[in-house]
Amino acid sequence: MEGKTYAAVVLSAGKGSRMNSATPKQYLMLHGKPVLYYALHAFEQSMVDEIVLVTGKGEIGYCQKEIVEKYGFTKVKSIVAGGKERYHSVFCGLEELNQAKQKPDYVMVHDGARPFLDDGIIRRCAAAAAEFQACVAGMPMKDTIKIADHALFAQETPQRNYVWQIQTPQAFAFPLIYHAYHELLEREKSGEIFPVTDDAMVLEIICGKKVKLIEGSYGNIKITTPEDLKLAEALLPSELFCAAMEKKQAGHTVSIPL
């Protein structure tokens, strides 16, 4: 990883329809700060060199003033508008990085609605991206999984030790993921339809690239519903305390953002 540059694309363009709130989920308050704050804070304090924040078309000014400037996020170099779907928004962030004079060697894509990102996850992603060119954070499933048929009868039960719940960040060699996304969107213009639900799928579909699974955290939840926000409110103090203790044991300065 030494001598290489890392960027993060943080996604904050979703409307959060399942949250049943007029306020997008990434701007809801969690212990006195917007949900989005916590992911940006984690990257700000990490080895990542720069951050591109992707938000809604009418939210750029708000994010600049009320989040980036208010909380002093100096690594947020750009705020850009996202697209129709998540993968369009990811490409908007990648395109912004591609326009820079010095492109990053690696990029991490992270959902701004995952506030429990920590330095350990970021470093594991960075190391795996450098070694394997593509990786995703995740955790093995604790529950038994059933694959349903069209009539919602259980059709298959995969072995649980091979089933992972995928999270973000997802980290890649920048030229590899940029090329894959560019090709995907070019083929989409020709009428092809791709069922893309995460960044790793783009590489799998376009390049046939195998993506390494690395350990995230069972606490690295995504806030999607009101129940998730309640859970995050309960988890946040203990999560921050544990992260602070890990940094202290590693000899780093401890800063708990509360």
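A: One term before we start: contact means heavy atoms within 4.5 Å. Also, this is a predicted model.

Q: OK. What share of the contacts with a separation of 6 or more comes from residues 24 or more positions apart?
A: Those residues account for 75% of such contacts in the protein.

Q: How many helices and strands are there?
A: The protein has seven helices and eleven strands.

Q: And how much of the protein is buried?
A: Of its 258 residues, 48% count as buried.

Q: What about the accessible surface?
A: That comes to about 13,200 Å². Carbon and sulfur atoms hold 51% of that area.

Q: Let's go inside. How many residues does the largest nonpolar core have?
A: It has 43. Leu-40, Phe-43, Leu-53 and Met-108 have the most contacts inside that core.

Q: Which element gives the largest share of this core?
A: Helix α1, residues 35-44, with seven residues.

Q: New topic: strands. Is β7 enclosed or open?
A: Strand β7, residues 134-140, is largely enclosed by the rest of the structure, because six of its seven residues are buried.

Q: Which way do β7 and β10 pair?
A: They pair in the antiparallel sense, over six bridges. Within that pairing, Pro-140 stands opposite Trp-164 in β10.

Q: And how do β7 and β11 pair?
A: In the parallel sense, over four bridges. Strand β11 covers residues 212-215. Its Lys-212 is the bridge partner of Cys-135.

Q: Where is Gln-167 found?
A: In strand β10, residues 164-173.

Q: Why does Gln-167 count as buried?
A: Its relative accessibility is 4%, and buried means under 20%.

Q: What does Gln-167 touch, not counting residues up to four places away?
A: Ala-137, Gly-138 and Met-139 are among its contacts. Gln-167 also touches Arg-114, Gly-216, Ser-217 and Asn-220.

Notes:
Residues are numbered from 1 along each chain as its sequence is written. This is a predicted model: local features need pLDDT of at least 70, side-chain atom pairs count only at pLDDT 80 or more; totals for chains, interfaces and linings use all residues. Side-chain values use heavy atoms; hydrogens and water are left out. A nonpolar core is a set of buried Ala, Val, Leu, Ile, Met, Phe, Trp, Tyr and Cys residues joined through side-chain atoms within 4.5 Å. Buried means under 20% relative accessible area, exposed over 50%, partly exposed in between (1.4 Å probe, protein chains only). Helices (H or I, at least four residues) and strands (E, at least two) are DSSP runs, numbered from the N terminus. Accessible areas come from the Shrake-Rupley method with a 1.4 Å probe; for residues, only the protein chains shown count as cover. Two strands pair if DSSP finds at least two bridges between them.
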